[in-house]
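The questions below are meant for a reader meeting this structure without any background. Each answer works step by step towards the value or name that was asked for.

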Amino acid sequence: MTFPWDLFVSALVTLLVVIDPPGAAPIFASLTTRSTAQMRRAMAIRSVAIASAILVGFAAVGEPLDRRAEARHPAVHHGRADRRPQRA
């Protein structure tokens, strides 16, 4: 079994676009100008932990929630032909 590099790269690029580190850095810097280095480090670690928990949480429950909601619109299914509702 080979590693799916194309899927990995696609997922990594998508993750970086969603999180947008270059866009978040100036915002973080401007919000923490009066904080000490130790406080900035603690805020950065806490922010990463919270964001990671949110991403992992949605990754874990997103598919079951989608199934439970029984979404009918084709755009919701992200191109999965097996899940698209049949047209009459």
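A pocket here is an open set of grid points with protein on both sides within 12 Å along at least five of seven lines, and its volume is the space filled by probe spheres set on the points.

Q: What volume does the largest pocket have in this model?
A: The model is a predicted one, and the pocket is computed on a grid over the protein atoms alone. With the volume taken as the space filled by probe spheres, the largest pocket comes to about 340 Å³.

Q: Which helix gives the most residues to the lining of the largest pocket?
A: The lining consists of 13 residues, and those nearest the centre of the pocket are A24, F28, A44, S47 and V48. Two elements, helix 2 (21-31) and helix 3 (37-69), each give two or more residues to this lining. The greatest contribution, six residues, is made by helix 2.

Q: How many residues in the lining of the largest pocket are nonpolar?
A: Sorted by class, the lining holds one charged residue and two polar ones. The nonpolar residues in this lining number ten.

Q: Is V17 buried or exposed?
A: V17 is found in helix 1 and is one of the residues that form the nonpolar patch. Its relative accessibility is 60%, and the cut-off for this class is over 50%, so V17 counts as exposed.

Q: Which residue has a positive phi although it is not a glycine?
A: The residue lies in the loop between helix 1 and helix 2, and with 38% relative accessibility it counts as partly exposed. Its phi is about 55 degrees, and the residue is D20.

Q: What percentage of the 88 residues in the chain is buried?
A: The chain exposes about 7,900 Å², with carbon and sulfur atoms supplying 67% of that area. A residue is counted as buried when its relative accessible area is under 20%, and for this chain the buried share is 5%.

Technical notes: Residues numbered from 1 in each chain as written. Predicted model: local features only at pLDDT ≥ 70, side-chain atom pairs only at ≥ 80, totals over all residues. Heavy atoms only, no water. 1 Å grid on protein atoms, 1.4 Å probe; cavity = no way out; pocket = protein on both sides within 12 Å on 5 of 7 lines; lining within 4 Å. Helix = DSSP H or I, 4+ residues; strand = E, 2+ residues; numbered from the N terminus. Nonpolar A, V, L, I, M, F, W, Y, C, P; charged D, E, K, R; others polar. Patch = residues over 30% accessible without salt bridge, like charges linked within 9 Å, V, L, I, M, F, W, Y side chains within 5 Å. Areas by Shrake-Rupley, 256 points an atom, 1.4 Å probe, with all protein chains shown as cover. Salt bridge = Lys/Arg side-chain N within 4 Å of Asp/Glu carboxyl O. Buried < 20%, exposed > 50% of the residue type's maximum accessible area, 1.4 Å probe, protein only.
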